[in-house]
Amino acid sequence: RRQDMATTGGRHPTLARYKVGFSSTGKIDAISIDSFSDAGYTIDDTFGLLDMMQTMMDNAYFIPNYRTTAAALKTNTITNTDMRSP
């Protein structure tokens, strides 16, 4: 089991850089988010994850000016995946 856990990827480590614009009353008027996700040594299902992440980032809020980008980064680590089962 230790070997399996060491060689099976987990969730994608992700870095997000963002800028937020507020109205004078404190309401969010604009947001810009750039995300970078560590896919590991294969891209695998990372693009599906990034697509879902971009469409759901604003969650339950209506933000009139919403911009997001996402990049899958290929690295020299084990491949990451949305989920891992025993």
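This report describes a predicted model of a single protein, from its overall make-up to selected residues.

## Confidence and overall make-up

The model is predicted, and the protein averages a pLDDT of 86, with 86% of the residues scoring at least 70. Confidence is lowest in helix α1, residues 2-7, where the mean is 67, and highest in strand β1, residues 14-22, where it is 96.

The protein has two helices and three strands, and, read from the N terminus, these elements follow the order α-β-β-α-β. Of the 86 residues, 22% count as buried, while the accessible surface comes to about 6,300 Å², 57% of it belonging to carbon and sulfur atoms. When contacts between residues at least 6 apart in sequence are considered, 67% of them join residues at least 24 apart.

Helix α2 spans residues 46-56, and its buried residues are Thr 46, Leu 49, Leu 50 and Met 53. These residues cover an arc of only 95 degrees around the axis, which puts them on the same side of α2.

What covers the buried residues of α2 includes β1, β2 (28-40) and β3 (65-74). The face of α2 turned away from this buried side carries the exposed residues Phe 47, Thr 55 and Met 56.

## A nonpolar patch on the surface

Tyr 18, Val 20, Phe 22 and Ile 28 form a nonpolar patch on the surface, and together they have about 400 Å² of accessible area. Strand β1 supplies the largest share of this patch, namely three residues. Phe 22, which lies in strand β1, has a relative accessible area of 53% and is therefore classed as exposed, the cut-off being over 50%.

Leu 15 has its place in strand β1 and is partly exposed, with a relative accessible area of 42%. Not counting residues up to four places away in sequence, Leu 15 touches Asp 34, Ser 35 and Phe 36. The C-alpha atoms of Leu 15 and Ser 35 are separated by 5.7 Å, although these two residues are 20 residues apart along the chain.

Asp 34, one of the residues touched by Leu 15, also takes part in the one salt bridge that the structure holds. Its partner is Arg 67, and the closest N and O atoms of the pair are 3.1 Å apart. The pair links distant parts of the chain, since Asp 34 belongs to strand β2 and Arg 67 to strand β3, 33 residues apart. Both partners count as partly exposed, Asp 34 at 22% relative accessibility and Arg 67 with a relative accessible area of 39%.

## Asn 80 in the segment after β3

Asn 80 is found in the segment after β3, and its relative accessible area of 7% is under the 20% cut-off, so Asn 80 is classed as buried. Leaving aside neighbours within four places in sequence, Asn 80 is in contact with Gly 9, Gly 10, Arg 11, His 12 and Pro 13, as well as with Asp 38, Ala 39, Gly 40, Asp 44 and Asp 45.

Conventions:
Residues numbered from 1 in each chain as written. Predicted model: local features only at pLDDT ≥ 70, side-chain atom pairs only at ≥ 80, totals over all residues. Heavy atoms only, no water. pLDDT = per-residue confidence, 0-100. Helix = DSSP H or I, 4+ residues; strand = E, 2+ residues; numbered from the N terminus. Patch = residues over 30% accessible without salt bridge, like charges linked within 9 Å, V, L, I, M, F, W, Y side chains within 5 Å. Areas by Shrake-Rupley, 256 points an atom, 1.4 Å probe, with all protein chains shown as cover. Salt bridge = Lys/Arg side-chain N within 4 Å of Asp/Glu carboxyl O. Buried < 20%, exposed > 50% of the residue type's maximum accessible area, 1.4 Å probe, protein only. Arc of directions from axis to C-beta. Contact = heavy atoms within 4.5 Å.
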